[in-house]
Amino acid sequence: MDDRLSGAGGRPLGPYDGWVADLLAEYDAHLRTAAEVQGAVDVQRRGPLWIALFGGGRLFVTYQELDDPAGRVAEVAALICGDDSIQQVEWKTRSHDHAPGLEAALVCAGFTAGESESVMLGEASTLIGSEPPSGVTLHRLTRPEEIRAALEMQDAVFGGTPHADRMLREILNRQSKGEDIELWAAEADGRIVSAGRIDPIAGTPFAGIWGGATLPAYRGRGIYRALTAARVRSAMSHGTRWIHSDSTEFSRPILERAGLVKITETVPWTWERAAR
(Lines give C-alpha, C1' and ligand atoms only; values in the text may rest on other atoms or scores of the structure.)
Protein backbone atom coordinates (compact mmCIF):
# COMPACT_ATOMS: atom_id res chain seq x y z
CA MET A 1 0.00 0.00 0.00
CA ASP A 2 1.35 3.41 -0.97
CA ASP A 3 1.93 5.43 2.21
CA ARG A 4 1.13 8.60 0.29
CA LEU A 5 -2.52 7.70 0.64
CA SER A 6 -2.36 8.86 4.24
CA GLY A 7 -1.86 12.42 3.03
CA ALA A 8 0.81 14.84 4.20
CA GLY A 9 1.77 14.26 7.81
CA GLY A 10 -0.74 11.42 8.10
CA ARG A 11 -3.73 13.79 7.87
CA PRO A 12 -7.07 12.37 6.61
CA LEU A 13 -7.72 12.60 2.93
CA GLY A 14 -10.30 15.10 1.68
CA PRO A 15 -11.86 15.80 -1.72
CA TYR A 16 -9.43 18.63 -2.50
CA ASP A 17 -6.14 17.06 -1.39
CA GLY A 18 -5.06 16.19 -4.91
CA TRP A 19 -4.92 12.45 -4.25
CA VAL A 20 -7.70 11.32 -6.56
CA ALA A 21 -5.28 9.84 -9.11
CA ASP A 22 -3.54 7.82 -6.36
CA LEU A 23 -6.83 6.64 -4.95
CA LEU A 24 -8.05 5.65 -8.40
CA ALA A 25 -4.88 3.63 -8.99
CA GLU A 26 -5.44 1.79 -5.71
CA TYR A 27 -9.05 1.17 -6.67
CA ASP A 28 -8.06 -0.38 -10.00
CA ALA A 29 -5.30 -2.46 -8.39
CA HIS A 30 -7.14 -3.78 -5.33
CA LEU A 31 -10.90 -3.37 -5.73
CA ARG A 32 -11.60 -4.85 -9.14
CA THR A 33 -11.52 -8.42 -10.51
CA ALA A 34 -10.78 -10.84 -7.61
CA ALA A 35 -12.11 -8.44 -4.96
CA GLU A 36 -15.48 -8.26 -6.71
CA VAL A 37 -16.09 -11.99 -7.02
CA GLN A 38 -15.82 -13.04 -3.37
CA GLY A 39 -18.47 -15.63 -2.63
CA ALA A 40 -18.88 -16.75 -6.25
CA VAL A 41 -19.76 -20.36 -6.96
CA ASP A 42 -17.48 -20.39 -10.00
CA VAL A 43 -15.17 -17.91 -11.74
CA GLN A 44 -14.07 -18.13 -15.37
CA ARG A 45 -11.21 -16.14 -16.88
CA ARG A 46 -11.62 -15.19 -20.53
CA GLY A 47 -8.88 -12.81 -21.60
CA PRO A 48 -9.28 -9.71 -19.41
CA LEU A 49 -12.78 -10.77 -18.28
CA TRP A 50 -13.57 -12.26 -14.91
CA ILE A 51 -16.95 -13.98 -15.25
CA ALA A 52 -18.34 -14.98 -11.85
CA LEU A 53 -21.36 -17.19 -11.25
CA PHE A 54 -23.26 -16.64 -8.00
CA GLY A 55 -26.18 -18.57 -6.56
CA GLY A 56 -29.55 -18.30 -8.26
CA GLY A 57 -28.07 -18.15 -11.73
CA ARG A 58 -26.61 -14.65 -11.32
CA LEU A 59 -23.59 -13.83 -13.47
CA PHE A 60 -21.26 -10.90 -12.78
CA VAL A 61 -18.72 -9.60 -15.30
CA THR A 62 -15.71 -7.50 -14.34
CA TYR A 63 -12.18 -6.68 -15.52
CA GLN A 64 -9.33 -4.29 -14.84
CA GLU A 65 -8.70 -3.22 -18.43
CA LEU A 66 -10.71 -4.07 -21.52
CA ASP A 67 -9.57 -4.85 -25.03
CA ASP A 68 -12.05 -5.19 -27.94
CA PRO A 69 -15.19 -4.15 -25.97
CA ALA A 70 -17.67 -5.27 -28.62
CA GLY A 71 -15.98 -8.64 -28.99
CA ARG A 72 -15.95 -9.21 -25.23
CA VAL A 73 -19.65 -8.39 -24.94
CA ALA A 74 -20.31 -10.85 -27.76
CA GLU A 75 -18.45 -13.55 -25.80
CA VAL A 76 -20.66 -13.00 -22.76
CA ALA A 77 -23.81 -12.88 -24.92
CA ALA A 78 -22.86 -16.25 -26.43
CA LEU A 79 -22.29 -17.68 -22.95
CA ILE A 80 -25.75 -16.49 -21.86
CA CYS A 81 -27.43 -17.99 -24.91
CA GLY A 82 -25.71 -21.31 -24.35
CA ASP A 83 -26.61 -21.71 -20.68
CA ASP A 84 -30.27 -21.59 -19.65
CA SER A 85 -29.31 -21.66 -15.95
CA ILE A 86 -28.08 -18.06 -16.19
CA GLN A 87 -31.01 -15.87 -15.14
CA GLN A 88 -29.41 -12.48 -14.49
CA VAL A 89 -26.20 -10.78 -15.59
CA GLU A 90 -24.54 -7.60 -14.33
CA TRP A 91 -21.74 -5.83 -16.21
CA LYS A 92 -20.33 -2.79 -14.40
CA THR A 93 -18.84 0.04 -16.44
CA ARG A 94 -16.53 2.72 -15.00
CA SER A 95 -16.35 6.22 -16.38
CA HIS A 96 -12.54 6.35 -16.30
CA ASP A 97 -12.09 3.21 -18.41
CA HIS A 98 -11.11 3.51 -22.06
CA ALA A 99 -13.62 1.20 -23.75
CA PRO A 100 -14.95 2.78 -26.98
CA GLY A 101 -18.15 1.17 -28.21
CA LEU A 102 -18.82 -0.75 -25.00
CA GLU A 103 -22.16 0.85 -24.14
CA ALA A 104 -23.48 0.45 -27.68
CA ALA A 105 -22.46 -3.21 -27.64
CA LEU A 106 -24.22 -3.77 -24.30
CA VAL A 107 -27.42 -2.21 -25.66
CA CYS A 108 -27.26 -4.44 -28.74
CA ALA A 109 -26.84 -7.48 -26.47
CA GLY A 110 -30.00 -6.61 -24.54
CA PHE A 111 -28.46 -5.02 -21.44
CA THR A 112 -30.16 -2.09 -19.68
CA ALA A 113 -28.27 0.69 -17.92
CA GLY A 114 -29.02 1.35 -14.26
CA GLU A 115 -28.50 4.65 -12.50
CA SER A 116 -24.98 6.03 -12.35
CA GLU A 117 -23.34 5.78 -8.92
CA SER A 118 -20.33 7.53 -7.41
CA VAL A 119 -17.37 5.37 -6.41
CA MET A 120 -16.22 6.70 -3.03
CA LEU A 121 -12.93 5.82 -1.33
CA GLY A 122 -11.12 7.02 1.79
CA GLU A 123 -9.85 6.40 5.31
CA ALA A 124 -12.09 4.24 7.48
CA SER A 125 -11.24 6.33 10.54
CA THR A 126 -13.07 9.36 9.12
CA LEU A 127 -16.40 7.51 9.30
CA ILE A 128 -16.55 6.25 12.87
CA GLY A 129 -17.57 9.30 14.91
CA SER A 130 -21.38 9.25 14.56
CA GLU A 131 -23.89 7.91 17.07
CA PRO A 132 -27.59 7.20 16.43
CA PRO A 133 -30.27 9.72 17.41
CA SER A 134 -32.47 9.14 20.43
CA GLY A 135 -34.86 6.24 20.01
CA VAL A 136 -32.73 4.46 17.39
CA THR A 137 -30.68 1.33 18.14
CA LEU A 138 -28.00 -0.25 15.96
CA HIS A 139 -26.99 -3.90 15.90
CA ARG A 140 -25.45 -6.57 13.74
CA LEU A 141 -27.98 -9.03 12.36
CA THR A 142 -27.17 -12.70 12.91
CA ARG A 143 -30.43 -14.66 12.65
CA PRO A 144 -31.74 -15.57 9.17
CA GLU A 145 -35.21 -14.16 9.88
CA GLU A 146 -33.88 -10.73 10.89
CA ILE A 147 -31.47 -10.65 7.95
CA ARG A 148 -34.41 -11.41 5.64
CA ALA A 149 -36.48 -8.61 7.20
CA ALA A 150 -33.67 -6.12 6.59
CA LEU A 151 -33.20 -7.28 3.00
CA GLU A 152 -36.93 -7.00 2.32
CA MET A 153 -36.87 -3.44 3.67
CA GLN A 154 -34.02 -2.65 1.27
CA ASP A 155 -36.00 -4.13 -1.63
CA ALA A 156 -38.93 -1.87 -0.73
CA VAL A 157 -36.68 1.21 -0.69
CA PHE A 158 -34.81 0.45 -3.90
CA GLY A 159 -37.76 -0.90 -5.88
CA GLY A 160 -37.31 -3.03 -9.00
CA THR A 161 -36.64 -6.76 -8.92
CA PRO A 162 -36.67 -8.15 -5.35
CA HIS A 163 -33.29 -9.52 -4.24
CA ALA A 164 -33.97 -10.55 -0.63
CA ASP A 165 -34.09 -14.32 -1.25
CA ARG A 166 -30.91 -14.35 -3.33
CA MET A 167 -29.00 -12.05 -0.98
CA LEU A 168 -30.04 -14.05 2.09
CA ARG A 169 -28.67 -17.25 0.55
CA GLU A 170 -25.48 -15.51 -0.52
CA ILE A 171 -24.82 -13.88 2.86
CA LEU A 172 -25.49 -17.06 4.85
CA ASN A 173 -23.36 -19.12 2.47
CA ARG A 174 -20.42 -16.74 2.73
CA GLN A 175 -20.69 -16.54 6.51
CA SER A 176 -20.74 -20.34 6.70
CA LYS A 177 -17.37 -20.30 4.92
CA GLY A 178 -15.89 -17.98 7.54
CA GLU A 179 -16.06 -14.75 5.53
CA ASP A 180 -16.44 -11.51 7.48
CA ILE A 181 -19.44 -10.09 5.57
CA GLU A 182 -21.92 -8.52 8.02
CA LEU A 183 -25.39 -6.98 7.77
CA TRP A 184 -26.27 -4.19 10.22
CA ALA A 185 -29.60 -2.52 10.92
CA ALA A 186 -31.03 0.51 12.67
CA GLU A 187 -34.30 -0.02 14.49
CA ALA A 188 -36.84 2.57 15.63
CA ASP A 189 -40.49 2.36 16.61
CA GLY A 190 -40.28 -1.43 16.65
CA ARG A 191 -39.14 -1.83 13.03
CA ILE A 192 -36.02 -1.88 10.89
CA VAL A 193 -35.69 1.58 9.36
CA SER A 194 -32.20 1.40 7.85
CA ALA A 195 -29.81 -1.41 6.92
CA GLY A 196 -26.57 -2.03 5.09
CA ARG A 197 -23.68 -4.49 4.64
CA ILE A 198 -19.97 -4.25 5.38
CA ASP A 199 -17.77 -6.53 3.30
CA PRO A 200 -14.05 -6.72 4.19
CA ILE A 201 -11.91 -7.87 1.27
CA ALA A 202 -9.77 -10.83 2.26
CA GLY A 203 -6.03 -10.20 2.18
CA THR A 204 -6.36 -6.42 1.87
CA PRO A 205 -6.93 -3.45 4.22
CA PHE A 206 -10.10 -2.54 2.23
CA ALA A 207 -13.77 -3.09 2.98
CA GLY A 208 -16.86 -2.13 1.02
CA ILE A 209 -20.06 -0.69 2.44
CA TRP A 210 -23.03 -1.83 0.40
CA GLY A 211 -26.81 -1.79 0.23
CA GLY A 212 -27.35 1.17 2.54
CA ALA A 213 -31.07 1.97 2.55
CA THR A 214 -33.22 4.07 4.89
CA LEU A 215 -37.00 4.36 4.89
CA PRO A 216 -38.02 7.80 3.55
CA ALA A 217 -39.77 8.85 6.79
CA TYR A 218 -36.53 8.35 8.76
CA ARG A 219 -34.10 10.17 6.49
CA GLY A 220 -32.32 13.37 7.46
CA ARG A 221 -31.88 12.34 11.11
CA GLY A 222 -28.32 10.99 10.97
CA ILE A 223 -29.40 7.34 11.04
CA TYR A 224 -27.54 6.29 7.89
CA ARG A 225 -24.39 8.09 9.09
CA ALA A 226 -24.54 6.30 12.45
CA LEU A 227 -25.22 2.95 10.77
CA THR A 228 -22.19 3.49 8.54
CA ALA A 229 -20.05 4.30 11.58
CA ALA A 230 -21.12 1.09 13.32
CA ARG A 231 -20.32 -1.00 10.27
CA VAL A 232 -16.94 0.62 9.78
CA ARG A 233 -15.95 0.24 13.44
CA SER A 234 -16.69 -3.47 13.15
CA ALA A 235 -14.58 -3.78 9.98
CA MET A 236 -11.70 -1.86 11.57
CA SER A 237 -11.61 -4.46 14.34
CA HIS A 238 -10.66 -6.95 11.57
CA GLY A 239 -7.87 -4.73 10.22
CA THR A 240 -9.70 -2.56 7.70
CA ARG A 241 -8.09 0.81 6.95
CA TRP A 242 -9.78 1.89 3.73
CA ILE A 243 -13.49 2.04 2.87
CA HIS A 244 -15.07 2.13 -0.56
CA SER A 245 -18.66 2.35 -1.71
CA ASP A 246 -20.73 2.66 -4.86
CA SER A 247 -23.03 5.42 -3.67
CA THR A 248 -26.35 6.81 -4.79
CA GLU A 249 -27.02 10.52 -4.58
CA PHE A 250 -28.67 9.88 -1.19
CA SER A 251 -25.49 8.51 0.42
CA ARG A 252 -22.73 10.24 -1.58
CA PRO A 253 -23.02 13.62 0.21
CA ILE A 254 -22.94 11.91 3.61
CA LEU A 255 -19.77 9.99 2.78
CA GLU A 256 -18.22 13.07 1.18
CA ARG A 257 -18.78 15.12 4.32
CA ALA A 258 -17.09 12.35 6.29
CA GLY A 259 -13.96 12.61 4.13
CA LEU A 260 -14.40 10.00 1.41
CA VAL A 261 -13.50 11.07 -2.13
CA LYS A 262 -15.43 10.48 -5.34
CA ILE A 263 -12.87 8.91 -7.68
CA THR A 264 -15.01 7.75 -10.61
CA GLU A 265 -18.54 6.75 -11.57
CA THR A 266 -19.97 3.33 -12.23
CA VAL A 267 -23.09 2.14 -14.02
CA PRO A 268 -24.57 -1.35 -13.57
CA TRP A 269 -25.73 -2.74 -16.90
CA THR A 270 -28.10 -5.66 -16.36
CA TRP A 271 -29.68 -8.42 -18.40
CA GLU A 272 -32.46 -10.73 -17.24
CA ARG A 273 -33.80 -13.83 -18.92
CA ALA A 274 -37.41 -13.40 -19.97
CA ALA A 275 -39.92 -15.46 -18.00
CA ARG A 276 -41.26 -18.45 -19.90
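Which residue stands opposite Trp242 in β11?

A word on the model before we start. This is a predicted model, where local features need pLDDT of at least 70 and side-chain atom pairs count only at pLDDT 80 or more, while totals for chains, interfaces and linings use all residues. Residues are numbered from 1 along each chain as its sequence is written, and side-chain values use heavy atoms, with hydrogens and water left out.

Let's go to strand β11, residues 242-247. Six of the six residues in β11 are buried, and buried means under 20% relative accessible area, exposed over 50%, and partly exposed in between, with a 1.4 Å probe and protein chains only. Trp242, His244 and Asp246 are covered on one side, and Ile243, Ser245 and Ser247 on the other.

Now for the neighbours of β11. Two strands pair if DSSP finds at least two bridges between them. Strand β6, residues 117-123, runs antiparallel to β11 and is joined to it by six bridges; Val119 stands opposite Asp246 there. Strand β10, residues 206-214, pairs with β11 in the parallel sense over three bridges. And here is our opening answer: Phe206 is the residue opposite Trp242. From β10 the chain crosses through helix α6, residues 223-236, to β11, in a right-handed β-α-β crossover. Right-handed means that, with the strands pointing away from the viewer, the path from the first strand over the helix to the second runs clockwise.

While we're in β10, have a look at Thr214, which sits in that strand. Thr214 is buried, at 8% relative accessibility. Its side chain makes a polar contact of 2.9 Å with that of Ser194. By polar contact I mean a pair of N or O atoms within 3.5 Å; within protein, one must be able to donate a hydrogen and the other to accept it, and residues adjacent in sequence count only if both atoms are side-chain atoms. Leaving aside residues up to four places away in sequence, Thr214 touches Val157, Val193, Ser194, Arg219 and Tyr224, with contact meaning heavy atoms within 4.5 Å.

In strand β2, residues 49-54, five of six residues are buried. Five bridges link β2 to the antiparallel strand β1, residues 42-46, and Arg45 has Trp50 as its bridge partner. Two residues lie between these strands, and Gly47 in this hairpin has a positive phi near 60 degrees. β2 also pairs antiparallel with β3, residues 58-62, over five bridges, with Leu53 partnered by Leu59. That hairpin has three residues between the strands, and Gly56 takes a positive phi near 80 degrees.

Which residues other than glycine have positive phi? Thr33 is one of them, near 60 degrees, in the loop between α1 and β1; Asp68 is another, near 45 degrees, in the loop between β3 and α2.

Note on methods:
Helices (H or I, at least four residues) and strands (E, at least two) are DSSP runs, numbered from the N terminus.
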